[in-house]
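Take a look at the model below. The text then goes from a few backbone details to the ring cluster and the overall fold.

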Amino acid sequence: MFQTTIIREAHSEGVGLHTGVFGHIRLVPAPADTGIVFRRIDLDNFPIEAQGHNVAKVSYATSLMKQGVLLSTTEHLLAAIYSCGIDNIFIDIDSIEIPILDGSAEPFMQMLEHAGVRKLRRKRRYLKVLKPLEVAEADPGRPGQIRRIGIYPADEFRVRCYVDFPHPLVGQQEVEMVVSPETFRHLLARARTFCFERDIAPLREMGLIRGGSLENAIVLTDDGVMNGPLRFPDEFGRHKALDLIGDLALAGLPLLARVEAHKAGHSLHTQLVSRLLADPTLWTISTDEASHAVEEVPFAALSPAPAAD
Ligand SMILES: [Zn+2]
């Protein structure tokens, strides 16, 4: 398997959900071994790598911060890029937050479809998990219950995501899938961000949803939905799985692992990634997908391989 980038640039623009700041994004092809790198073009192209060590405070969205430069709400765009197997890409942006667009990853999938995928003359490197790692914390809203997330060895990238919200339209929802461009496009990409009507006033007061509207988030009332119809009966569980994949992209390389999330959120997702990366006994870097022929490759010793096309 070879590394990939995009063939041509793709553009989009819109407001950020949390800051309300209008911004423009441009996807740009990148050379092998670049990874996924945001560039703040309003700050002299300051680069912020989509990697665990750049995770900033995480509350309602995932934010990256490097040397004091912040970038918010990376998860939906990263979910699309990571699921599509794009290893190397620059994401140029002129504001502090990725546009929320319709609240799903579908507009980003359309950008990637326009951009196309190109193979590079360098072997793909996978982060292959060797030993399990689990992170758990008490659920502040529900005494006695816990949220947890775990990552386990596997020969492919697989996620299982379980949510449980006490609401007639949500309740218990579970998504389990092998992550590929096809499964992501069909099962998750269209699932939108959601919030509860009762949380809107406090979130507004805290300045956390300055760009929020009925066009970019599903709003759940006490017994229904304010701005239906839903795109899937279990759109909420699907969106949580989308968020999970977007946060796992911060591993910095394609994962060969199975991830199980139980009522988790951005904070637990990113804690898992940070703790995983901090303990190199839990994983290895491999250029081979198949477990029966794992080949350990030091970062610096990779040599160019012939391209497949
Ligand atoms: Zn989300």
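Helices (H or I, at least four residues) and strands (E, at least two) are DSSP runs, numbered from the N terminus. This is a predicted model, in which local features need pLDDT of at least 70 and side-chain atom pairs count only at pLDDT 80 or more, while totals for chains, interfaces and linings use all residues. Residues are numbered from 1 along each chain as its sequence is written, and side-chain values use heavy atoms, with hydrogens and water left out.

Start with the backbone. Most residues other than glycine have a negative phi, and most peptide bonds are trans. Aspartate 33 is not a glycine, yet its phi is positive, about 65°. Aspartate 33 sits in the loop between β3 (22–29) and β4 (36–40). Is it buried or exposed, or something between? Buried means under 20% relative accessible area, exposed over 50%, and partly exposed in between (1.4 Å probe, protein chains only). Aspartate 33 counts as partly exposed, because its relative accessibility is 32%.

Threonine 73 also has a positive phi, near 60°. Its place is the loop between β7 (69–72) and α1 (75–83). Threonine 73 counts as buried, because its relative accessibility is 5%.

Next, a peptide bond. Glycine 228 and proline 229 are joined by a cis peptide bond, with omega about 0°. Proline 229 belongs to the loop between β16 (218–220) and α5.

Now turn to alanine 50, in the loop between β5 (46–49) and β6 (63–66). Alanine 50 has a relative accessible area of 3%, so it is buried. What is alanine 50 in contact with, leaving aside its neighbours within four places in sequence? Contact means heavy atoms within 4.5 Å. The partners are Ile36, Phe38, Leu64, Leu78, Ala249, Leu250 and Gly252. Leucine 64 is 14 residues from alanine 50 along the chain, and their C-alpha atoms are separated by 7.6 Å.

The aromatic rings come next. Rings of Phe, Tyr and Trp (its six-membered ring) pair if their centres lie within 6.5 Å; planes under 30 degrees apart count as stacked, over 60 as edge-to-face and the rest as tilted. The structure holds 5 aromatic pairs. One of them is tilted: phenylalanine 165 and phenylalanine 196, at 5.7 Å centre to centre and 50° between the planes. Phenylalanine 165 is in strand β13 (residues 157–165) and phenylalanine 196 in strand β15 (residues 194–196), so this pair links distant parts of the chain, 31 residues apart. Phenylalanine 165 is partly exposed at 22% relative accessible area, whereas phenylalanine 196 counts as buried at 8%.

Another pair is edge-to-face: phenylalanine 194 and phenylalanine 236, at 5.0 Å centre to centre and 85° between the planes. Phenylalanine 194 lies in strand β15 and phenylalanine 236 in helix α5 (residues 235–248), so the pair ties together parts 42 residues apart in sequence. Phenylalanine 194 is buried at 13% relative accessibility, and phenylalanine 236 is buried at 0%. Ring pairs link Phe165, Phe194, Phe196 and Phe236 into a cluster.

Finally, step back to the whole chain. The protein chain has 6 helices and 18 strands. Of its 309 residues, 54% are buried. Among contacts between residues at least 6 apart in sequence, 72% join residues at least 24 apart. The C-alpha atoms fill a box of roughly 55 × 45 × 35 Å along the principal axes.
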